[in-house]
Each structure stands twice: as C-alpha cells, then as structure tokens.
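Here is a short report on a protein chain. Keep the sequence and the model in view as you read.

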Number of protein chains: 2
Amino acid sequence: MSTFVQINLDEIRSLSTQVLTGAGYGPAHADAIAEMLYTCQLDDCQSHGLFRLLMCVQTMKAGKIDGQVRPIVEPSDNAIVRVDARGGMSLLAVDAALPVLIEKARRHGIAAMAVNRCFQFSALWPEVERLSAAGLVGMAMVPSHSWVAPAGGKRGTLGTNPLAFSWPRQSGNPFTFDFATSAFARGEIELYKRASKPLPNGVAVDSDGNPTNDPQAALDGAMLTFGGYKGSALSIMIELLAGPLIDDMTSLESLEFAEGRSGAPYHGQIILAFDPSQFSGGLAEQNDTRAERLFADILDQGARLPSQRRFEARARNRARGYVEIPSELYRDLLALLD
Amino acid sequence: MSTFVQINLDEIRSLSTQVLTGAGYGPAHADAIAEMLYTCQLDDCQSHGLFRLLMCVQTMKAGKIDGQVRPIVEPSDNAIVRVDARGGMSLLAVDAALPVLIEKARRHGIAAMAVNRCFQFSALWPEVERLSAAGLVGMAMVPSHSWVAPAGGKRGTLGTNPLAFSWPRQSGNPFTFDFATSAFARGEIELYKRASKPLPNGVAVDSDGNPTNDPQAALDGAMLTFGGYKGSALSIMIELLAGPLIDDMTSLESLEFAEGRSGAPYHGQIILAFDPSQFSGGLAEQNDTRAERLFADILDQGARLPSQRRFEARARNRARGYVEIPSELYRDLLALLD
C-alpha cells in the first residue's frame, strides 16, 4: 500500500532547487524548473511534479544537456518570437520569450512562439495557463520520441505529441486541457508490465502491426494514437507544426539524438496566442457570456470540464499549505541530496 | 444496385450554376458555390460534391439566407482579417478574404481569418488547400449544429466540428486532412436507420446517456465525439475558437437559429495560416526534406497518408475529363431544372 508524506509548499521549491543545483543545473535553470514543479505539484499533478526531479537528474547524467546556458530570444518585427534554448532545458527559454509572445499577440491579434533546441520534460498546461492568465487564448504542441505508430502502421514514427489549450474565463479558472495524442502514456505501459497486467484494447500493436494486450509486445512493437486515424492525423499535424515548421526535430530525429539514453527528449515546441478582444472586434465580454453558456450546458448534463480536479486540488493545497507525495518518492529525492 | 452516370468536367459547373441561379442565388454566389462543388466532385468527394446542390436549394427554401448579398472585408492593420458574410453562403466571403489572409501571413508570419454570419455547407479541405497551394500551412475549424454530447454527457451540446489541416509539400500534393470530431456524420446515422442496421459501438448515446446501437435512439439522444474525452476536449476547443473567440455562434445557438428547418447551418469559421519560411528562419526547404522523411516512414510501413485516395481520383478524373455520380442524384438534379 502506498503511503504519503506531507510537503509544505515552500519545501517544494527548496527541495527542487537543492536537488537540481546538486545535479549540475545553474541557479537560473534550477529556479525555472523548480517553479514548474511547484505549479504541477500544487495541482496534485503527480506525474509532472516532484517526481520529475528524477528525470531532471537523469537528463543531466545522460550528458547532452547544458545546465548553465542562457537562452537567446531572437528579435523580430513580425508576429513570431523564436527563442533558442541552446541545448538547455525548455523552461528558461519559455520564461524569456513568453512576455514577448504576449506583447506580440496584443499587437498583432495572433502570435506564435517557437522554442528551439531544448530538452522538454514538463506538462504544457502551465504554459498555456500563463497565456489565459494574461487574458489570451493559448495553444501548445510538442513532439517527443517516436514510440507511436501511425494508424495502419506497425512501428513507432510519431511521438506521444501532446496538445494543450487554455481559454480565459472571466468567472475564474480557465477552460484548460492538455492531453497526449497517444492512447496511453509510455510510463503506463511500463507500469502494466511491472504489474504483469494485460493492456486494454486499442493501446498498442506488436512488431507485426497486430493488436496486442501484452505490455512487452507493445514495448517491442509500437503504441497507438487515441481515436484511430483521426488521432493519428492530429499527431502528424503536431509533428509538422512543432518540428519542421519551426526548423526543429521530429520525434524520429529526437529518439535518434537520444542514442538510447533516458531522460528528457530534445526537440522544439510551438505555442500560439490569440487575443479575444481583437478577434471579436472588441466584444470579448459578450462572448465570454456565450462561452459560459456552452460550459454550463456541459456541466448541467453531468459531464465534467477538463482540469476541474486539478483546480480543486490547487485550492485545497493552497488553503492547507501543503501537498502530499508518495513516501517512497520522498525517500528517493532525499537520497539524491546525500 | 447503384448505377452511375458520367458528367463531363465542364458540366459540373454549368449544371451547378443553373440549379443555383434557378433556386435564387445571384451570379456571384452561384459561381463561388459551383467552384467549390467542382473542386469536391473532381476529387470524388461525393458527400460534398454535386449532392450538396440539394442542400443549397433547401437552404434557400428555408428562407433565411440572402442569395445576393456581397460580403464585406473589414480593413485591419493586425494579423487578423475579419469578413462579414452578412447572411450569405460562406464561400464568397472566403473568396474575398483569402488573398488578404495570404498577404497577412506573408507579412506577419502567422495570420488568421474570421468569417462571420455565414451559412456553411462545404468541406474545409479546399480552403486549407488554397493556403498550401500558396506555400503556407493552413488550419480551419467550424462549429455546426449541437447534435454531439460532450464526453460523459447525454445530450447534444457540440457540433460535428470539423478540423482541417494542409501542409505544402515541394514534391507535389500537400499533406491534408479534414475530419469531423464526431465519431460519425449525422447523415451516416440516417443511412443506418433507413437500412435498419445497428450502429457500431461508440457512436451515440440514448437520451439517458447510455450507449446505444439503435439509430432512432441515437437521433433522439446524442452523437458522440471520436476518441472519448480527448476528442470531446478538441471539439470544445473548436466551438470556442470558431464561435465566441470570433464573436459568432456556438453549435447550440446555430441549432436554435435554424428553428427546426433543414439546410446549411449558420455560424462562423476560423482559418489560420502559417508561413514556413518565417517560422523556420528561412530554412523551409531543408525542413521540407525533414517532413518528407516523416511521410516516407509512414508510407514505408504500409500506412496511408490522409487524402491519397482523393488525389488519385483528382488525377484520374482530370485525365479522363469526367466524373461519375449516382444516376439517381443526376435525375434529382435535372428535376430541379424543370
């Protein structure tokens, strides 16, 4: 049975920066990463909270990341801001360019940010929620490693390619979603394997392209996208927009670059920002009411909006001043400080 | 058994304009619609080809559309072009604003077009393929009528909300997809009902929100999105971007507006355009090679790229100079001319 330990909110950041600086991240990167882990852990997003410190340490050990490098934001007159992470973790690059993206969206009505040459381990929802907190609509996409077969295929070509979206609501928390376009996360298949449990249908194919429920056959074969050929098309779109469009790697290239080492994948990222005021001809407030009617109609029939559980966790954890993480994870993290 | 009749390519346009002007569309609208029907029919896209003339006639009979009105393109300095279709069919508005969208994408790197107050019956792929033909990446979204339940729901809130995307390829035909975010098209359920055939699983719920295979129970209840809660989230995103963001109707409002009448739904449309040259820092050609490697890896494992059948039909029909449509449809169309 899992037991949990309480971590005070302050300790999330302090523990993170200690582990990160100990592993070789400079103070700027350590702070940016700690802030992201805090944001995720506060929302009880265990898969992207303190747990990810292990991946950050692994990534440094893999030897390709630069823990000190400063990102460079390319100056531009158009509606695109390009930021070169120069082989560092993505977050510092996003921090540097996000204010420029917001300014460009307010100037041009729509704007885009391309992050290049970065290691990526974080969830995308915190990034699009920084846009919705600024009153903009945000959309973000990244490739990953080519573990996912296209519809009708039998080997990994696509990444788990998440899509995140956030819509600002005048009533409070935004409408946000962030999902992988793979049917399952890679880590979930590993968990099924360890538990010797059969996979559900529609998650993976074996190396001959036949449907499989065997976790090992899935790892030897390929994962599937959600939603059949439609999910597969969406995943290919994300490869193109977050890869070749912005002069960065596809998931195939990213997996090759890793040379079998684990840790955060290296590739690019694209974020779009839309200004509701300019899109609506100055009628953003009336249209907020229109969107609220849509949300109300969803809730009224007993369906949920995405991210509601996360917002509830955020409110609860803020009020009580601590989060809970698995005791085993806490022991593993403390061991990293020895 | 269905029999087919050959229609010369010239006749697609002439038959269309005859039917449309006879029904009350002015020459400008009739030409724009005929061009769209030609484009779809040339690709053997039967559901959006000459068959749609019946819907155009129905839409005019429903009494709300203006067959003569000229769209107004709003002047702007930002990266958004807004065009008011003023209660006419969408196509003339798209024709008027698309050159502005292309010019804005080339100037700002990314640009968007909002079409307001239009009736919409056409597929979206011809519109995004006009962008990829201009060397840009195109994405388009529209709401429709609220026949689709959100994940976990039991009544129609969302439209069939298609997403279309086109990526220009230097080697020839673009990478294009255009899919409804509903699991099935509305018309498909009607066909199952007429044939007294049970629906596949995962297509619809009855009015209590329980899964159903009965077409009538599905029509009384609600359709489902593809891909469970992920497809549902994507569909909500499309509602927001192609509705409240651009000061236009959601699928709920569009269905109310129709007041039970059939014909083309009335709402807005959003189209995004990305300039690969500016996103890639001038390296579009190298990145075309990168994208081609992705496509080659998909094809090499026996998977298909979307739209391939359509491109094959286009080449074949162009070469032979005619298309084939069901004889019954041809009789119905000729009857409209009496």
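## Ground rules

Two strands pair if DSSP finds at least two bridges between them. Helices (H or I, at least four residues) and strands (E, at least two) are DSSP runs, numbered from the N terminus.

This is a predicted model, in which local features need pLDDT of at least 70, side-chain atom pairs count only at pLDDT 80 or more, and totals for chains, interfaces and linings use all residues. Residues are numbered from 1 along each chain as its sequence is written, while chains are lettered from A and ligands numbered from 1 in the order in which they are written.

In chain A, three strands build an open sheet, in the order β6-β10-β9, with mixed pairing. β6 (148-149) and β9 (204-205) of chain A are at the edges with a single partner strand each, so one side of each has no neighbour in the sheet.

β9(A) pairs with β10 (residues 222-224) of chain A in the antiparallel sense, over two bridges. Which residue of β10(A) is the bridge partner of A:A204? The partner is A:M223.

## Two domains

Chain A splits into domain 1 (1-62 + 307-338) and domain 2 (72-182 + 225-306). These bounds come from an automatic or database domain assignment. The C-alpha centres of the two domains of chain A are 23 Å apart.

Where the domains of chain A touch, 18 residues of domain 1 are in contact with 20 residues of domain 2. Contact means that the C-beta atoms, placed from the backbone, lie within 7 Å. On the domain 1 side, α2 (27-42), α3 (53-62) and α12 (308-320) of chain A each give two or more residues. The largest share, seven residues, comes from α2(A).

## Two crossing helices

α2(A) packs against α4 (residues 90-108) of chain A at an angle of about 85°, and their axes are 8 Å apart. Axes are lines fitted to C-alpha atoms, for helices over the stretch in contact, and angles run from 0 to 180 degrees between N-to-C directions. α2(A) and α4(A) are therefore roughly perpendicular (angles of 65 to 115 degrees).

From α2(A), the contact uses A:A28, A:H29, A:A32, A:I33 and A:M36; from α4(A), it uses A:L91, A:L92 and A:D95.

## The whole chain

Chain A has 13 helices and twelve strands. Its C-alpha atoms fill a box of roughly 55 × 50 × 45 Å along the principal axes.

Technical notes. Contact = placed C-beta atoms within 7 Å. Parallel < 35°, antiparallel > 145°, perpendicular 65-115°, else oblique.
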